[in-house]
Amino acid sequence: MDLETLNQQIAEIEADVAKKVGDMQAVDALRSLDTSILGKKGTLGSLIGGIKDYPPAQKGQVGQTINAAKKRVKAIIDARHAALKQAAVSADSAGAMAHDPTLPGDRPTMGSVHPVTAVQWEVERIFERLGFTVEAGPEMESEYHNFEALNIPASHPARDMQDTFWLTNGSVLRTHTSPVQHRSMKKFGAPLRVIAPGRCFRYETIDASHENTFHQVEGLLIDKDISIANLIAMAKTLLNEVMNREVKVRVRPGFFPFVEPGIELDMNCEICDGAGCATCKRSGWIEVLPAGMVHPKVLEAGGIDTEVYTGFAFGLGLTRLAMMKYGIRDIRVLNSGDLRPIVGRERQGGAVIVSREP
Ligand code: DAH
């Protein structure tokens, strides 16, 4: 084919492409047009194969002519492709197209784990390693489980220590997680290692350090030859692990009807580092772990042979521990519903100032 014919043929192909492309609505059709023109066997593509038939002096020019034509055709097809894509995007944002899988997805707004939940999980992991089972009890509890089974009979003054929400059906909102002690003894018998994290409720005026809804982790270990030394060692292990360092603790006598002897285990206030602040009521210490040796009456009520077994129990203040761990000074923020993720923590003096995403 002489050069003139070649040019003419190319011009026809180009005109044909321009016409076809203009009508095309689907990306798929564009792709097959692309192959049928530019592919090896396509109308333009196959011309390359004919270059060898030209005299050597013309070969270069023929090649250039064909390649230039291929580029122009490619540009026409690409432009239409881009236009179709843009049209699809506009249609989608106008709501006409429900779903365009070629668009990048929306980034979902992710929540963050609540500080109390985070510490609860950590405490659970630590105790699981120590061979404890994780149990749960009901938040609506019977008077028997919340009080009687724990050696707090109706006339006992200790009932006043726990401002109780009484329900019209005679049940209570559990004032502590201790009822799970009794439930677990009944369920598993001895020997026993169990923890029971959960929500507790008290009819209290809310302020910076009191909430009517808070979290505890009950712990109960029953076995042969258990002493208070085991209890204190375990408590230290727990606090050191949760706080990631050696925590200063002190032990005082404490009274709870379900233990004898009872102790109050306090940790150094992490907000003021022991200097005294509003959170620790200027004492430098935070009561986090009231505990003791399980009262024989409580063991008996749970069906445990007190001739063989002794045990210790504790009621870890999970909410307080979370406040210490994350430097939260006001208990009210924990139930406030402010879901913005914490993005920074800064120590200022003894206090940790938390900043949130705006
Ligand atoms: N149940 C007690 C409370 O909420 C805390 C407590 C004290 C739990 C001593 C225990 C314990 O298991 O041994 O006030």
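Author: Happy to! Let's start with a term: a polar contact is a pair of N or O atoms within 3.5 Å; within protein, one must be able to donate a hydrogen and the other to accept it, and residues adjacent in sequence count only if both atoms are side-chain atoms. Gln 181 has a polar side-chain atom 3.1 Å from a ligand oxygen atom, and for Ala 313 a backbone N or O atom lies 3.1 Å from an oxygen atom of the ligand. On its own the ligand exposes 360 Å², of which the protein buries 94% (accessible areas by the Shrake-Rupley method with a 1.4 Å probe).

This is a predicted model, where local features need pLDDT of at least 70 and side-chain atom pairs count only at pLDDT 80 or more, while totals for chains, interfaces and linings use all residues. Residues are numbered from 1 along each chain as its sequence is written, and side-chain values use heavy atoms, leaving out hydrogens and water.

Now the wider shell. The ligand is surrounded by 16 residues, and His 176, Ser 178, Arg 202, Gln 216 and Glu 218 are the closest (near means a heavy atom within 4 Å). By type, the shell holds 7 nonpolar, 7 polar and 2 charged residues; here Ala, Val, Leu, Ile, Met, Phe, Trp, Tyr, Cys and Pro count as nonpolar, Asp, Glu, Lys and Arg as charged, and the others, Gly among them, as polar. Strands S5 (213-223), S8 (285-294) and S9 (310-317) each give at least two residues to this shell (strands are DSSP runs of E, at least two residues, numbered from the N terminus).

Technical notes: Helix = DSSP H or I, 4+ residues; strand = E, 2+ residues; numbered from the N terminus.
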